[in-house]
Amino acid sequence: MKHLHIAVGIIRNDEGEIFITQRGGDSHLSGLWEFPGGKIEVNESPVQGLQRELLEETGIEVLDSELLYQLDHRFSDRIVTLYFYLVKRWNKMPYGREGQPMRWVHQHQLKAEEFPEPNKPVIEQLNKA
Ligand SMILES: Nc1nc2c([nH]c(=O)n2[C@@H]2O[C@H](COP(=O)(O)OP(=O)(O)OP(=O)(O)O)[C@@H](O)[C@H]2O)c(=O)[nH]1
Ligand SMILES: [Mg+2]
């Protein structure tokens, strides 16, 4: 079974809103909402993977981030290790650079059931914070 290491960014503004995007047409778990991010490459640290993926997917440069949560999850066809980073400072305005639908949602309004299963604990933590 393949094992992927994934870095994702919880981009949160001063109003407590978080930038989320919708997974596209034929990708794994399409239709669900997610935090932007993707696979960490073999020559990268998790933070380097985060920086590259967020630049590719949202156009921002991460200036300050903090690891909030890390977990392993087994899907039917893959195991993923997810690194959830709180992105506290960045430059530029994030947008769906790959044409993916996007929105800002207050952290108290994030709905765990609209996200992949492994996001549940971190969303519960954000709902309560
Ligand atoms: N980006 C992202 N991936 C997540 C989240 N939660 C979660 O379980 N995943 C899983 O982590 C993996 C991320 O892969 P990805 O498709 O974003 O990877 P990628 O950007 O490198 O793209 P690619 O598959 O087109 O090469 C998927 O299996 C996805 O279902 C999340 O909040 N954000
Ligand atoms: Mg991705």
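This is a predicted model: local features need pLDDT of at least 70, side-chain atom pairs count only at pLDDT 80 or more; totals for chains, interfaces and linings use all residues.
Some ground rules. Local features need pLDDT of at least 70 and side-chain atom pairs pLDDT 80 or more, while totals for chains, interfaces and linings use all residues. Residues are numbered from 1 along each chain as its sequence is written, and side-chain values use heavy atoms, with hydrogens and water left out.

I start with the record.

Now each in turn. G37 is in strand 4, residues 37–39, and E57 is in helix 1, residues 46–58. Strands here are DSSP runs of E, at least two residues, and helices are runs of H or I, at least four.

Are they buried or exposed? G37 counts as buried because its relative accessibility is 11%, and E57 counts as buried because its value is 9%. Buried means under 20% relative accessible area, exposed over 50%, partly exposed in between, with a 1.4 Å probe and protein chains only.

What does the side chain of E57 reach? It reaches the backbone nitrogen of G37, at 3.0 Å. Leaving aside neighbours within four places in sequence, G37 is also in contact (heavy atoms within 4.5 Å) with residues including A7 and V8.

Last, H73. Beyond four places in sequence, its contacts include R78 and E117.

Technical notes:
Chains are lettered from A and ligands numbered from 1 in the order in which they are written. A polar contact is a pair of N or O atoms within 3.5 Å; within protein, one must be able to donate a hydrogen and the other to accept it, and residues adjacent in sequence count only if both atoms are side-chain atoms.
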